[in-house]
Amino acid sequence: MPSAFQYTDSPDPIRPDLADSYRRAWSHLAAPGTWLTGAERVAVADETRRARNCAVCRERKAALTPFAVDGEHDHAGVLPAPIVDAVHRLTTDSGRLTERWYRSLLEQGLTPEVYVEVVGVSVLVISVDRFHHALGLPPESLPDAVPGEPTRERPDGICEGEAWVPMMTGRRVSAEVRLPAPTAPYVIRALSLVPAELKAWQDVSAAQYLAPDQMLNFGNVRAISRSQIELVAGRVSRLNDCFY
Amino acid sequence: MLRASIQYSGSDADVSGIAEGAKAGDAGIEHGERLTAFADAAVTGDDAELATARDALRVVAGSEILVDAAAVVGNFERMVRIADGTGIPLDNVVSAMTSDLVEELGLDALESRRESKAGPLATVFRPVLRGVLETGFRIAGWRNRRSG
């Protein structure tokens, strides 16, 4: 994606490592994934953007409980209903998702592997789009899908029962992403059922936040100080009703 | 992580900006008020509010910090959804470090916390683990400042 993320009209200079990571993210997004084709992955990205203008999602967000409001999402008509629902709720009201809702998606035929890949693609787009939104920049056009088949490779050594989704062990993830700790925290393990998605978000996260080897270095690595980083991080989490 | 960075830096800052946003003022963190106003506007504000908060942060802190802050917003708009969407529990270390913040930040009221499974080790070893971690952050920061 050499022509994407040029930022020639941005009033604020964008760090080259951020633009580079976004270009890699767009290439990853467009390519055949582990369980989804490139076309399906771009459709998930498109649905993620549609969710912000979905009338049902707005009504649910305003309701005392999101599960009391029935209705069909405003969707593009490309993806199966469970994927559409996963993308829309994840995008617009993630703080009120429940394990019961997740299990209901599985009962509708979604596999944990596809669900994790959908989450990975959706949050990748959200992180890039919200950066643009925060700086008043227009969203980057979605890439054209690359033809080909998904790899359908499920990693060995997956454990169940610690979270809703199956994950790799903390030790294995720590080794895979080269963390400076013997075991990886849950938030890094969360997408490890689909390692390609874990690696993609780690790549963008290293530019937007910190690389793994910078996590325990509380000195300053950017213009923004570590305390300032964590203040913004904590406030964004609080505003999203996230306990983590 | 904010608390750890404060302990490391040896400052008298506090974490009230997370719960109260710009109402907490700077809370001991340089440009804290403008940063939380920007975060609020980026997550919940309309275009006009966001433009105002962005301009205000740029004026006091400059473009580099503005861009860095926007990147952190993007990152944590993703992180919260990964945590919420996969039903991960709090790690023992995080739980130990934040047990007293749960009430202060009103986290027990959150649906996402009720849906999260608690790590059992955190409850048993929380006081010891927290003491070790806090001391470690302070010593590391003191050594860093001393070495210049």
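This is a predicted model: local features need pLDDT of at least 70, side-chain atom pairs count only at pLDDT 80 or more; totals for chains, interfaces and linings use all residues.
**Entry 1: α6(A) against α5(B)**

I noted the hand of the crossing of α6(A) and α5(B) as right-handed.

I then listed the residues that meet. From α6(A) I have Val119(A), Val123(A), Ile126(A), Ser127(A), Val128(A), Arg130(A), Phe131(A) and Ala134(A). Residues of α5(B) in this contact include Ala70(B), Gly74(B), Glu77(B), Arg78(B), Arg81(B), Ile82(B) and Thr86(B). By class I recorded 10 nonpolar, five polar and four charged residues for the contact of α6(A) with α5(B).

**Entry 2: α1(A) against α6(A)**

I turned to α1(A), residues 16-30, and its packing on α6(A). The angle is about 150° and the axes are 11 Å apart. With over 145 degrees as the cut-off, α1(A) and α6(A) are also to be written down as roughly antiparallel to each other. Here α1(A) passes α6(A) in a left-handed crossing.

Tyr22(A), Ala25(A) and Leu29(A) make the contact from α1(A), and Val121(A), Leu124(A) and Val128(A) make it from α6(A). I put the classes of the contact of α1(A) with α6(A) at six nonpolar, no polar and no charged residues.

**Entry 3: α4(A) against α6(A)**

I next checked α4(A), residues 81-93. The helix packs on α6(A) at an angle of about 40°, with the axes 10 Å apart. That makes α4(A) oblique to α6(A). I recorded a right-handed crossing where α4(A) passes α6(A).

On the α4(A) side I listed Ile83(A), Ala86(A), Val87(A), Leu90(A) and Thr91(A). They meet Tyr115(A), Val118(A), Val119(A), Ser122(A) and Ile126(A) in α6(A). The residues of the contact of α4(A) with α6(A) divide into eight nonpolar, two polar and no charged.

I looked up the domain assignment of chain A, which gives domain 1 as 16-151 + 197-204 and domain 2 as 155-192. The centres of domain 1 of chain A and domain 2 of chain A are separated by 22 Å. Their contact takes 11 residues from domain 1 of chain A and six residues from domain 2 of chain A.

Which elements give two or more residues to the side of domain 1 of chain A that touches domain 2 of chain A? I found α5 (99-107), α6 (112-134) and α9 (195-208) of chain A. The largest share of that side of domain 1, five residues, comes from α6(A). I counted its classes as seven nonpolar, two polar and two charged.

**Entry 4: Trp164(A)**

I placed Trp164(A) in the loop between β1 (158-159) and β2 (167-168) of chain A. Is Trp164(A) buried or exposed? I have it as buried, with 25 other C-beta atoms within 10 Å, where the cut-off is 20 or more.

Leaving out residues up to four places away in sequence, Trp164(A) touches Glu99(A), Tyr102(A), Thr86(B) and Gly87(B).

**Entry 5: chain A on chain B**

I looked up the whole contact between the chains: 63 residues of chain A are in contact with 66 residues of chain B. Each of α5, α6, α8 (186-189), α9 and α10 (226-239) of chain A supplies at least two residues of the side of chain A that touches chain B. The largest share of that side, 14 residues, comes from α10(A). I recorded its residues as 36 nonpolar, 15 polar and 12 charged.

**Entry 6: chain B**

I counted nine helices and zero strands in chain B. Buried residues make up 49% of its 148 residues. Among contacts in chain B between residues at least 6 apart in sequence, I noted that 54% join residues at least 24 apart.

Key: Residues are numbered from 1 along each chain as its sequence is written. Chains are lettered from A and ligands numbered from 1 in the order in which they are written. Domain bounds come from an automatic or database domain assignment. Two residues are in contact if their C-beta atoms, placed from the backbone, lie within 7 Å. Helices (H or I, at least four residues) and strands (E, at least two) are DSSP runs, numbered from the N terminus. Ala, Val, Leu, Ile, Met, Phe, Trp, Tyr, Cys and Pro count as nonpolar, Asp, Glu, Lys and Arg as charged, and the others, Gly among them, as polar. A residue is buried if 20 or more other C-beta atoms lie within 10 Å of its own, exposed if 12 or fewer, and partly exposed in between; C-beta atoms are placed from the backbone. Axes are lines fitted to C-alpha atoms, for helices over the stretch in contact, and angles run from 0 to 180 degrees between N-to-C directions. Angles under 35 degrees count as roughly parallel, over 145 as roughly antiparallel, 65 to 115 as roughly perpendicular and the rest as oblique. A crossing is left-handed if the near helix is turned anticlockwise from the far one by less than a right angle, and right-handed if clockwise.
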